[in-house]
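Have a look at it first, and then we'll walk through a few of its spots.

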Amino acid sequence: MSINPDVSYDTFRRLQKRAEREGCSADELLAHLLDEPVRNRHDLWVVLNGAPDAVIATDTDHVITQWNQAAEAIYGWTAAETIGQNIDTLLKTAWIYKSRTAAVEILKKTGRWEGEVQQTTRRGQKRTIQVSISWVKDEAGKIIGGVTINRDVTHMKRQELLQDRLEHVLEAVASDRDLPYILNRLVQVLETYQPDSKGSVLLLDAATLQLRHVSAPSLSPAYCAAIDGSKIGPDRGSCGTAAHTKQPVIVEDIQTDSRWKDFRDLAAEHNLRACWSHPIIAKTGVVLGTFALYYHEPRHPTQHELELLQMAVHIAGIAIQRKQAESAYRALVENSLQGLLIFQKERAVFVNTRLCQITGYTNEEIRDHKNLVEGFIHPDDQAPVLQKAKHTLDTQETTEFEARAIHKQGRIIHLRIFFSSIEYQGASAIQAAMFDITEQSRTAERLRQLSQAVEQSPTSIVITNRDGAIEYVNPKFTEVTGYTFEEAYNQNSRILKTGYTEDEDYKELWHTIITGGVWRGEFLNRKKNGDTYWEAAAIAGVKNEQDEITHYVAVKEDITEHKAAVQEIRKLSERLSRIFQSSPAVITLTNLKDGRLIEVNDSFEEVLGFTRDEAVGRTSLELNLWRLDEDRTNYMKQLVASQKLRNIEIPFRDKSGVIHDMFGSFELLTLGTNETVLAAFMDMTEHKRSERLLFDYERLKTNFQKEHERNALIERVISALSHDLRTPFTVISNAKYILSHYYDQLTFEKRQEKLDTIERQLQYALELLNDTVALVQGNLNDSVFHPEPVNIETLCRVSVNEVGEANSVSERMSFVNTSGVRVVSIDEILVSRILSNLLTNAIKYSPEGGEILLELDHRDDRVVLRVRDHGMGIHENDLPHIFDPFYRAKDVRSISGSGLGLSIVKDCVERHQGYIRVESVYGQGTIFTVELPLAPAATTT
């Protein structure tokens, strides 16, 4: 709190005026008065005692020497009780902005200090005091004490604080904060202003006349729960009574007030002794709830406290009515049949529930879209929608249009949209009201399609009024009859009559359609050119909403050709009957219900030996046709379920007991009122015998071919093995030769190196033999994989040296470790096999020479082996097949080899769970890259 230099200090001013009259300063006058005899001092304190501000005199040790009546009124101590006590100790002075030391420094420089302090009264109340301190000096100018003039500004400060906090509450009311938050803040403001109070706000449920807690931040939750839902009425405590009477209810002592008889023990349990409740009433006179203040001691409100309570009630009423209005409006908006969207700068800031239902998106998903059109508007309609929005903002006019949107599930929906310019939260915005007209669009489209279908219908459609006058004919009618729409309009349908149909038939027709039925029949009618034609017609009435027939619709089809076809069908039926009898297939008709044969053809007798008279009227079981009786039961069940059985094989027994292999079908037909089984079978006995002979021949032929291919495979494997063993044996031979002829000249390390070479190559040769055998047996990929830590740099150097020496090309071969990789976890034999094959191939397919380079590298968690040559390269047509066993390109047939090496390399790589790739430019060279995963124990240096 800043110091206000303009504060009026009446006592000090009177001293100043007297000092002016006597021609001295106020300090000099005050010192003089204090040094005067008792009479003069009495005159001084008569003036000071009548002052409205506390005036306290102290000596240089801050001991109180004088204490006026205003000081007694502010602090509660009499002069007799204070004189002789230290002022700061007595009043427990707390310096608000300046320390006591700082105040003394100012006093020394200026002789006066003004400011605010906090002091404590006799009752222990904290008071904010505005003070003005002046030194009292003697005639020689020596400080002999001080005078402080104190004004109690506690109430003013509290009023300022109250005003500030109420402004925050009103800001919350105006904002979008919820009602419990606002009422809690309001209650806390009153509790801060009156520290010994506990506030409560209850809302009235108009339907049940019960009071419900909405805010009670300082009351016990147990107490709130106990009175929550209490009915209003007379003698229902302070709040229930206030809500019932619509009048404030001031209860000074709960324990003695009859209105609290039902809640007295509950209040005592929670140490509540007084309760002042004020009803919150809407402008319409309806009770909204109550605002109450509780106290732990019996007490009556002051006028100021009542005014403060009324002010809080007024603010609470505003908040409750505003939130109820907002809730009602929001409910109206949320339950609207139209989707509502408010967007600013193309982004959604408000979305109602209906729009979420229309589009399938949640409120958050629509708000999170980067802009409106990219949210759910169809891409083809996005630009026009943005143009409509800009037009609405520019002109402030409501814009109506239609656009397509895309539902979250992907289907297209049609919207009728109204754009209007509004102000939302202090900024310009567009409110979009959207109606889902998808079904209307579909209905319109269906009507359009129906109209188009009628116009393009392959049948004639005629619509007449109740009197039979034609009002509409479609193009097909014109095509069939020759009458145009204009010629037929308003004519009676009798223009088509030929006289063939009897009058009785027409009477039946009209009786049927007048009574609401549909008449179906045939007419022989006459065209415009006089030709006659047959047509099948369906005629029915069209009713209005009152269920009255207003029109008749006739759908007619030209059946002239159909009638002619029926005649042909009759003739065809006779021919089919002859075919039935002469068919080479065995054909039967059987009654499904009793299983008795209805008809059999001539082939039935020829194949199975039964005459027609012996078969018709009997069942197939009685004729002993089935080899197994249960077969017939099973097949009939399947037939009933699927209506037909096709391409089935069944053994039938003929009259003499010989089994025939029959092949054919069953089909379920309806003849008259009976379900009938049509069976047609061919005798396949001889065919099946020939088929078995042919199968045996093919089986023998296939086995012979397999043996031939197996022998060829063995020959290729032996050839490949003899070639691939040449390299390890050559290396062993060279190492043996060196050891035999130069043993004494070699160091121990060189001897050991050659012995290791022999051992590695022998192991390699054994593995090659095992792989070859495994390849022949068809299980190459079942080989064992044994990774262990290996110095791969040394393995690469040795491999380059061995292959180079074995092929006498050491000067063309080089090795480089580009990343310094050393020890990795791999299968040494498998990697040796990879390097040997790739390096040998690089030499073999570089007939013109050129450098061969082996690179060692690592990438992330893989070790990389790369073999480069500058040889003949691989043609792009051969690249997809180079890893196939025994595959050899056409242009390398003159170079010895088996085609097995790269398939072995690929297998070794895959056993490491790695991969190999090849890059080649035909005529320039090839690069093989192998990447093997590093085991967890692998390290690089």
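Let's start with Glu828, which is found in helix α30, residues 828-844. Helices here are DSSP runs of H or I with at least four residues, strands are runs of E with at least two, and both are numbered from the N terminus. Before going on, bear in mind that this is a predicted model, where local features need pLDDT of at least 70, side-chain atom pairs count only at pLDDT 80 or more, and totals for chains, interfaces and linings use all residues. Residues are numbered from 1 along each chain as its sequence is written, and side-chain values use heavy atoms, with hydrogens and water left out.

Is Glu828 buried or exposed, or something in between? Its relative accessibility is 26%, so Glu828 counts as partly exposed. The cut-offs are these: buried means under 20% relative accessible area, exposed means over 50%, and partly exposed is in between (1.4 Å probe, protein chains only). Leaving aside residues up to four places away in sequence, Glu828 touches Arg760, Val790 and Leu795, where a contact means heavy atoms within 4.5 Å. His786 sits 42 residues from Glu828 along the chain, and their C-alpha atoms are separated by 8.3 Å.

The largest one has 44 residues, and Ile792 and Leu839 have the most contacts inside it. The element that gives the most to this core is α30, with eight residues. Apart from this core lies another, of 28 residues, including Leu179, Ile182, Phe291 and Ala316. As a general point, nonpolar side chains in soluble globular proteins tend to be buried together. What does Ile792 touch, not counting residues up to four places away in sequence? Its contacts are Val821, Arg822, Val824, Ile826, Leu856, Val863 and Leu865.

Now for the cysteines. How many disulfides does a search of the whole structure find? It finds zero, a disulfide being a pair of cysteine sulfur atoms within 2.5 Å. Take Cys275: the nearest cysteine sulfur belongs to Cys239 and is 4.9 Å away. Cys275 is buried, at a relative accessible area of 0%, and Cys356 counts as buried too, at 16%.

Salt bridges are another story: the whole structure has 35 of them. Each is a side-chain nitrogen of Lys or Arg within 4 Å of a carboxyl oxygen of Asp or Glu.

| Salt bridge | N to O distance |
|---|---|
| Asp53 and Arg151 | 3.1 Å |
| Glu400 and Arg416 | 3.8 Å |
| Lys543 and Asp547 | 3.5 Å |

Asp53 lies in the loop between α3 (38-49) and β1 (54-59), while Arg151 is in strand β6 (residues 143-152), so this pair ties together parts that are 98 residues apart in sequence. Asp53 is buried, at 3% relative accessible area, whereas Arg151 is partly exposed, at 23%.

Glu400 is in strand β15 (residues 399-406) and Arg416 in strand β16 (residues 412-424), so their bridge ties together parts 16 residues apart in sequence. Arg416 is partly exposed, at 25%.

In the remaining pair, Lys543 is partly exposed, at 43%, and Asp547 is exposed, at 54%. Elsewhere, salt bridges that share partners join Asp196, Arg299 and Glu305 into one network.

Technical notes. A nonpolar core is a set of buried Ala, Val, Leu, Ile, Met, Phe, Trp, Tyr and Cys residues joined through side-chain atoms within 4.5 Å.
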